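Colleague: I would like to learn how to read a few features of a protein model. Please start with pockets.

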Amino acid sequence: WQSHAHDSIRAGDYLSNQDAVEILCREGVEDVIRLEHLGVIFSRNGQGGIDVMPFGGSSTPRTCYVGDSAGHIILQVLYEQLLRRQVPAYNEWFVTSLLIEDGTCHGVIAQELASGELKPLYAKAVVLATGGLGRMYQPSTSAFTATADGVALAYRAGVPLMDMEMIQYHPTTLKGRGVVVTEAARAQGAYLVNKDGERFMASYAPETMELSARDLCCRAVETEITEGRSTDGCVFLDFQHIDEERLDDLLPETQLMVKRLAGIDLKHQLVPVQPAMHRPIGGIQTDVHGATALPGLYAAGECACVGAHGANRLGGNSLLECAVFGRRAGEAAAGHAGSTSLEKVSEALLVDEERRVQEMATRSGGADTIGSVLRELAGTMHQKAGVYRDGQGLREALDKVKELKARYERVAISNAEGAYNPSLSTLLELGNMLDVAQVIVASALAREESRGAHYRTDFPQRDDANWSQHTIASHGPEKPVLGYKPVVITQWQREKGE
């Protein structure tokens, strides 16, 4: 685990909380075995044990896998376990706010999509596991539901966010589609080439080549594109030298996806790829048990930030983080629920929320639509707060987000009534993304250095003297209030030359 921890801390450019990293790497092995016992049948090696492969930034192969579909298989198995244990599920509800009274979270207010009604859902503890925020970027690998909902709920409730400037791009997404061509492809021998067929990673990372950390690989691909060594804004992944039987065995879903979406047979053709926003590294600030600053509220997964990833997530650590800290958050929330009573809150909270939502649903509109505002937001975030950033661009982005927030107040929907009408929830999602986008840009503008996924062309060097600290963003009346917090160091110090 020490080797895994050291790799994670190096990949995170020494912004990782080392207590969280130690937990991730110490407890991760047992959680992988627990998933196996639940039904996730990981790929095996020749001796029958769980097989591993190298991922970007790792000094040795250690990433467990299920062909090229680990995330989907884990999702299916965990859902099966919910059904098996008959856990009640409120499917197709949209949470509009947290129920907070006397400084404690007592549940949520949610819209039932089948009826359109707002209803309180009381709980002794709430765990936010709402995923990412990538739809505020274009291109993005994120699902359409990755609209910053959980992050915005916590932020507006006064819960601090951490390291929101750290936005991880994935270097190899299928051109024009935003679908990840898995890092396992490069782990199995596929390599990147430019329009001239040159393996350009040798110029950027001669030792690690294709298995470089994601931030470095993204900047290499982006540089090839911006400097004209690309075709139509993309470079290529070359699989043609890999044994076909090996491809069929280890990358079946990747082959099918590329064939269906791009009409390309990767065994005999180059695959066009480009960087796209992949995952936020920052999120709702939690401790190592998933607890937030608000009693009764916990967070886990992509919406949360315990600090394990620092400035850049090590390849293979994303699903592991969900397994380890998702379990810890669940255990802590269950412990809290077991020691408290279920309490209802003042009716005024529900009345106020109903009034707020009703005003949004019935307001007069201007020229803007949800789609027009979102397109401008996504383009601005990619161009000004993407792989490469600078002060001028970030200031322009901040002004644009403020402008879009003002225009958002005049966006109307034609009808909010009826069953399964997505108009209102889509409008609420846009508001969530605008609030969180402002935090991302403000945090990136304040951090005047380059570190991990945050690369400032006007401050290209890392500045340990001033910026070895986490950015903490709290909700303010007009803009986020920024503060800073020391990085937790346990035993790993940056070595000379790193």
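Colleague: How many nonpolar, polar and charged residues are in the lining of the second largest pocket?

Modeller: Rolling a probe the size of a water molecule over the atoms shows where empty space is left. This is a predicted model. In it, the lining of the second largest pocket has 9 nonpolar, 9 polar and 10 charged residues. The space in this pocket is about 950 Å³. Of its 28 lining residues, Arg-10, Ala-11, Ala-213, Asp-215 and Leu-216 lie nearest the centre. Helix 1 (2-11) and helix 7 (214-226) are the elements that give two or more residues to the lining.

Colleague: How many disulfides does a search of the whole structure find?

Modeller: A disulfide is a covalent bond between the sulfur atoms of two cysteines. The search of the whole structure finds 0 disulfides. For Cys-64, the closest cysteine sulfur is in Cys-25, and at 12 Å it is too far for a bond. Cys-105 is in no disulfide either, as the nearest cysteine sulfur, that of Cys-303, is 13 Å away. Cys-105 is buried, at 1% relative accessibility.

Colleague: How many aromatic pairs does the structure hold?

Modeller: A pair of aromatic rings is described by the distance of the centres and the angle of the planes. The structure holds 6 aromatic pairs. In one of them, Tyr-90 and Trp-93, the ring centres are 5.7 Å apart and the planes are at 90°, so the pair is edge-to-face. Tyr-90 is exposed, at 55% relative accessible area, and Trp-93 is partly exposed, at 21%.

Definitions and conventions:
Residues are numbered from 1 along each chain as its sequence is written. This is a predicted model: local features need pLDDT of at least 70, side-chain atom pairs count only at pLDDT 80 or more; totals for chains, interfaces and linings use all residues. Side-chain values use heavy atoms; hydrogens and water are left out. On a 1 Å grid over the protein atoms alone, a cavity is a set of points where a 1.4 Å probe fits but cannot get out, and a pocket is an open set with protein on both sides within 12 Å along at least five of seven lines; lining residues have an atom within 4 Å of a point. Grid points are joined across faces, edges and corners, and a volume is the space filled by probe spheres set on the points. Helices (H or I, at least four residues) and strands (E, at least two) are DSSP runs, numbered from the N terminus. Ala, Val, Leu, Ile, Met, Phe, Trp, Tyr, Cys and Pro count as nonpolar, Asp, Glu, Lys and Arg as charged, and the others, Gly among them, as polar. A disulfide is a pair of cysteine sulfur atoms within 2.5 Å. Buried means under 20% relative accessible area, exposed over 50%, partly exposed in between (1.4 Å probe, protein chains only). Rings of Phe, Tyr and Trp (its six-membered ring) pair if their centres lie within 6.5 Å; planes under 30 degrees apart count as stacked, over 60 as edge-to-face and the rest as tilted.
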